[in-house]
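Hello,

Here is the structure for your files. My notes on salt bridges and helix packing follow it.

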Amino acid sequence: MLVAPHVSAAARTMPQPPRVHLAPAPYPFPTYEGGPAFVREPRDELFLLAVGNLVAQRTFYESGTERDERYVRLVGRLAVDDPAWTAGLLRWLRGEGNMRTASLVGAAAYVRARLDAGASDGPSNRSVIDAVLQRADEPGELLAHWTSAYGRNVPQPVKRGIADAVRRLYSSRSLLKYDTASHAFRFGDVLNLVHASPDPEKPWQGALFRYALDRRHHPETALPPASDTLLTAHRTLMELPLEERRALVTGPDGSERLSAAGMTWEALAGWLHGPLDAAVWEAVIPEMGPMALLRNLRNLDAAKISAEAAARVAARIADADEVARSRQFPLRYLAARRHAPKRRWAAALETALGHSLSNVPALPGRTLVLVDRSDSMFWDTLSERSKLTRADAAAVFGSALALRAEAADLVEFGWSTKEVPFTHGEAVLDVRERFHRLGGTHTTKALRDRYRDHDRVVIVTDEQAAPHHPGGPAEPVPPEIPVYTWNLAGYHPAHAPVGPHRHTFGGLTDAAFRMIPLIESGRQAHWPWTDDATSGTTTAD
């Protein structure tokens with residue numbers, strides 16, 4: 001079956017699994033390396049691109065502009081052709097998918113396309129805008145993106161969706177954290193543009209909105225509402241003489257006073273007019289969030305905080321509830337270990353990484369895990385500010401799968417293959433250190449060399465196989481054996497054709513790993529933002 005240029009209305013109403021359905025192209029369609037490739041159905045292409053794409057990030061085979069344009073084009077097409085599916089994807093991206101910028105850019109593209117097409121079916125434009133805004137700086141960020149991409153004429157559905165979010169998100173504490181000069185749209189700018197009315201169930205919000213407007217337009221005379229204890233306490237701290245400030249921070253109840261005034265660790269150095277020493281760090285640590293602690297491990301070491309304070313930091317980093325609340329990418333913990341080399345953080349970071357990979361299943365039987373170590377995997381960093389690569393992500397996910405499986409062969413591949421030794425119970429981050437760089441992407445050869453009657457195969461890759469063997473890379477594996485491709489890049493060409501027991505997932509989190517045991521138990525796997533399974537049905541492929 002060939003992939004048509006547009007999906008029929010009947011096909012769009014059918015339940016769709018999260019794995020990728022592929023069909024042979026009607027003409028030779030190569031991977032970027034020249035190997036045989038296959039065309040993805042638009043929803044599959046958008047899903048894999050969305051979960052593996054950090055906006056404006058260049059990759060080995062595509063510029064950041066090319067990827068972003070492809071993303072916007074796909075969102076726009078599906079916003080009209082399949083609005084319910086597209087709205088579900090965007091909500092999931094901002095929630096469990098944890099892709100903040102992609103969801104904001106996608107929501108804007110969703111609305112623009114539907115307005116241009118005059119579409120009115122499916123989820124409303126207003127509700128989609130509201131759903132992706134989950135942090136108080138995001139209404140301004142979405143407006144900044146909209147005016148940059150589409151002009152200063154902001155449509156009413158966008159304004160109304162942002163106004164709904166403003167009522168949810170704007171508070172005294174969020175104003176102190178996010179209403180800063182570094183933002184293109186301040187809180188007052190957003191309120192001026194969208195005309196948000198206060199939430200009737202928040203009687204304090206009207207005064208807060210007026211203060212936000214005063215801060216923006218009359219900062220020299222703006223006074224916080226007298227009834228707002230947090231804002232008035234913050235003003236009192238800001239007016240404290242400079243020579244008295246450090247003593248307040250390090251004195252009795254210093255941490256509590258900072259918290260009561262909404263003083264963040266980011267603002268503390270500027271307020272003190274100097275660097276943070278051990279005493280100041282130890283005072284502010286109780287009020288820092290998990291991400292802030294991860295970012296500052298090296299600073300805490302440099303300040304030489306006490307062993308007792310370090311133990312408290314490590315305990316919070318390793319706490320399962322804290323990890324769940326922070327919703328960090330698993331790779332954040334690898335980055336923190338690299339940037340904070342002291343061994344006292346290693347155990348906590350490994351434990352936190354384990355919590356962040358909770359969806360990686362303990363697969364029964366024998367599993368072959370193939371991890372792509374080709375040059376393109378090393379070239380692509382996960383963001384412009386990160387030194388971590390897709391090769392790092394592949395090694396972490398592959399190691400986690402192997403360590404949790406009942407019996408696994410963990411193999412790295414490029415031009416050649418090498419077994420990666422491990423012992424059950426080892427740390428994921430320790431196993432990751434045993435991988436190498438192995439040149440090109442010889443996926444088919446790797447399977448021919450390493451498949452030995454395994455119960456399943458998992459390939460962690462960017463799918464850009466080299467042209468040294470005809471057909472798809474899964475051909476050496478019997479058709480009744482499941483082959484799962486974990487795609488880390490979301491490129492347009494796919495390395496494997498459609499067929500029974502052939503599935504593709506993707507992303508920089510572990511969210512979709514939970515689909516593997518559902519598929520193997522004979523249950524219908526849906527997209528991650530729909531019901532997980534319907535008992536008693538077989539998989540669509």
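A salt bridge here is a side-chain nitrogen of Lys or Arg within 4 Å of a carboxyl oxygen of Asp or Glu. A search of the whole structure finds 31 of them.

Some ground rules. This is a predicted model, in which local features need pLDDT of at least 70 and side-chain atom pairs count only at pLDDT 80 or more, while totals for chains, interfaces and linings use all residues. Residues are numbered from 1 along each chain as its sequence is written, and side-chain values use heavy atoms, with hydrogens and water left out.

Salt bridges

Helices (H or I, at least four residues) and strands (E, at least two) are DSSP runs, numbered from the N terminus. Buried means under 20% relative accessible area, exposed over 50%, and partly exposed in between (1.4 Å probe, protein chains only).

Start with R167 and D164. Their closest N and O atoms are 2.7 Å apart. Both residues sit in helix α8 (residues 156-169), three residues apart, about one turn of the helix.

Next, D409 and R366. This salt bridge has its closest N and O atoms 3.8 Å apart. D409 is in strand β4 (residues 407-413) and R366 in strand β3 (residues 366-372), so the pair ties together parts 43 residues apart in sequence. D409 is partly exposed, at 27% relative accessible area. R366 is partly exposed too, at 32%.

Then R373 and E412, with an N to O distance of 3.9 Å. R373 lies in the loop between β3 and α23 (375-379), and E412 in strand β4; this pair links distant parts of the chain, 39 residues apart. R373 and E412 are both buried.

There is also a network: R94, R100, E138 and E141 are joined by salt bridges that share partners.

Helix packing

Which angle do α21 and α22 make where they pack? Helix α21 (residues 331-339) packs on helix α22 (residues 346-356) at about 165°, with the axes 8 Å apart. Axes are lines fitted to C-alpha atoms, for helices over the stretch in contact, and angles run from 0 to 180 degrees between N-to-C directions. The two helices are therefore roughly antiparallel (over 145 degrees).

The contact (heavy atoms within 4.5 Å) is made by Y333, A336 and R337 of α21 and by L349, A352, L353 and S356 of α22. Those residues divide into five nonpolar, one polar and one charged. Ala, Val, Leu, Ile, Met, Phe, Trp, Tyr, Cys and Pro count as nonpolar, Asp, Glu, Lys and Arg as charged, and the others, Gly among them, as polar.

Best wishes

Notes: Parallel < 35°, antiparallel > 145°, perpendicular 65-115°, else oblique.
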